[in-house]
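Dear colleague,

I am handing over the structure below, and I would be grateful if you could look through it before reading my notes.

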Amino acid sequence: MDDGTLNSTHSTNLGSSGRPLPDNLLAEILSYLPAKTFFRILSVCKTFRQLSSDSHFLLSQSYHNNVISGFFPHDSAFSGAFCLVDPYAGVPRSSLEFLFRKCKIVGSAGGLVFVLHKTDGALFVYNPVRGTRCQLPSPPGKYCKWGGIAVRFLNDGDGVTKGYRLVYLSRHSVRSKLHRCQVYDSSARVWTMDKELDFGWLELHLEHPVICDDVVFWASSNSFSNEIDQCVVAFDVRKERTQIIPLPKEAAVARSDTIGIGMWEGKSLCLMHYETCTWVIGLWLLRKTNDGPPGWVRAHEVSLGQLGFRKPRNVSCVVLREVAMTTSLVFTVDSEAYSYDINDGELKKLGWLGCSSPLIPYSNTLRPCGEEEELFVDKRREVE
């Protein structure tokens with residue numbers, strides 16, 4: 001891949017006055033397009049084809065498109081539908097078939113999909129829309145092949161994030177209180193931490209972590225012991241310190257309820273609680289207080305009954321999605337996915353999933369997998 005920037009001597013005649021746009025301005029405009037849309041115009045001219053291999057453009061596009069555009073089902077035995085939220089985004093069918101057939105998805109961030117190969121457990125990072133992949137060094141020692149991955153991209157100062165820090169959390173065994181936390185630095189290509197964490201008998205949502213600076217959060221909706229309350233677990237990677245955050249007492253979360261977490265406006269931890277007995281999804285924000293620990297504040301509620309659902313439903317997953325000034329909830333009802341716009345109250349049916357598996361968010365970006373990436377499918381084939 002070319003590590004330089006686009007040659008500014010070539011221009012494309014796209015200006016309204018008939019004058020050619022400078023290449024740097026054209027690249028800036030195109031960097032706001034989702035990956036699917038960009039590939040559709042790739043054959044227009046030589047300048048566009050140059051951009052497809054320009055590292056700075058790829059990273060800039062990933063920065064501008066780092067929003068949830070779709071979801072992968074988190075089910076190792078399921079080869080079902082990719083749930084699309086943004087109609088202008090998409091992933092080639094060949095990439096989806098390869099991932100569902102050969103891999104178990106353990107995490108996704110910034111357009112990269114982190115997987116374990118089903119045959120040998122090798123850890124890879126894929127960009128399914130570009131058809132590229134890169135194998136990561138195996139974590140040290142014996143590592144559990146069934147866990148979850150959280151990723152924080154590192155800003156190099158100009159808004160473009162090239163390197164990342166990966167947190168791989170896995171449980172020792174189904175009946176173990178210990179989790180293994182391993183941290184990978186993509187710039188150095190080394191694992192920098194291998195630590196055991198005791199979260200008790202909590203059953204964490206490893207497939208859907210939330211990251212804020214150096215802290216990773218996981219929700220725990222149930223436990224092996226009926227005596228352990230549900231909560232949110234936080235781990236500060238830099239300080240190597242864990243924290244248990246109790247859920248709001250007012251929420252009265254029952255074991256049959258469903259909870260999820262997300263970031264509200266990029267700065268506040270948000271708890272989403274579906275109460276089975278009332279069919280209501282409540283949103284709680286974790287706010288700082290002047291004289292004590294942070295506390296939960298109820299911000300919104302969404303009634304499935306008022307949205308038109310007429311009988312008790314199995315809501316197995318709730319995810320928060322923010323795009324520009326719009327905040328929406330994506331949730332599964334039985335085997336179907338829906339999106340609800342909190343701002344205008346619009347409900348959309350996204351599609352049938354075929355299972356009630358949790359959802360792993362995906363962003364439609366052109367982000368490179370790494371310096372040693374290789375093609376695994378033809379990136380110029382059809383995009384769904």
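A residue is called buried here when its relative accessible area is under 20%, exposed when that area is over 50%, and partly exposed in between, computed with a 1.4 Å probe and protein chains only. Please note that this is a predicted model, in which local features need pLDDT of at least 70 and side-chain atom pairs count only at pLDDT 80 or more, while totals for chains, interfaces and linings use all residues. Residues are numbered from 1 along each chain as its sequence is written, and side-chain values use heavy atoms, with hydrogens and water left out.

Salt bridges

Side chains of opposite charge can pair when their charged atoms come close. Taking a salt bridge as a side-chain nitrogen of Lys or Arg within 4 Å of a carboxyl oxygen of Asp or Glu, a search of the whole structure finds 10 of them. Strands are named below as DSSP runs (E, at least two residues), numbered from the N terminus.

One of these salt bridges joins the side chains of arginine 152 and aspartate 214, at 2.5 Å from N to O. Because arginine 152 lies in strand β7 (residues 147-155) and aspartate 214 in the loop between β12 (210-212) and β13 (215-223), the pair ties together parts that are 62 residues apart in sequence. Arginine 152 is partly exposed, at a relative accessible area of 28%, and Arg152, Arg165, Asp214 and Arg238 are linked in a network of salt bridges.

Another salt bridge is formed by glutamate 203 and arginine 171, at 3.3 Å from N to O; glutamate 203 sits in strand β11 (residues 202-204) and arginine 171 in strand β8 (residues 161-171), so that distant parts of the chain, 32 residues apart, are linked. Arginine 171 is buried, with a relative accessible area of 9%, whereas glutamate 203 is partly exposed at 30%.

Lysine 349 also forms a salt bridge, with glutamate 336, and their closest N and O atoms are 2.8 Å apart. Lysine 349 is exposed, at 53% relative accessible area, while glutamate 336 is partly exposed, at 21%.

The sheet

With strands counted as paired if DSSP finds at least two bridges between them, four strands form an open sheet in the order β7-β8-β9-β10, with antiparallel pairing. The edge strands, each pairing on one side only, are β7 and β10 (190-198). Strand β9 (residues 178-185) is joined to β10 by eight bridges, and cysteine 181 stands opposite lysine 195 in β10.
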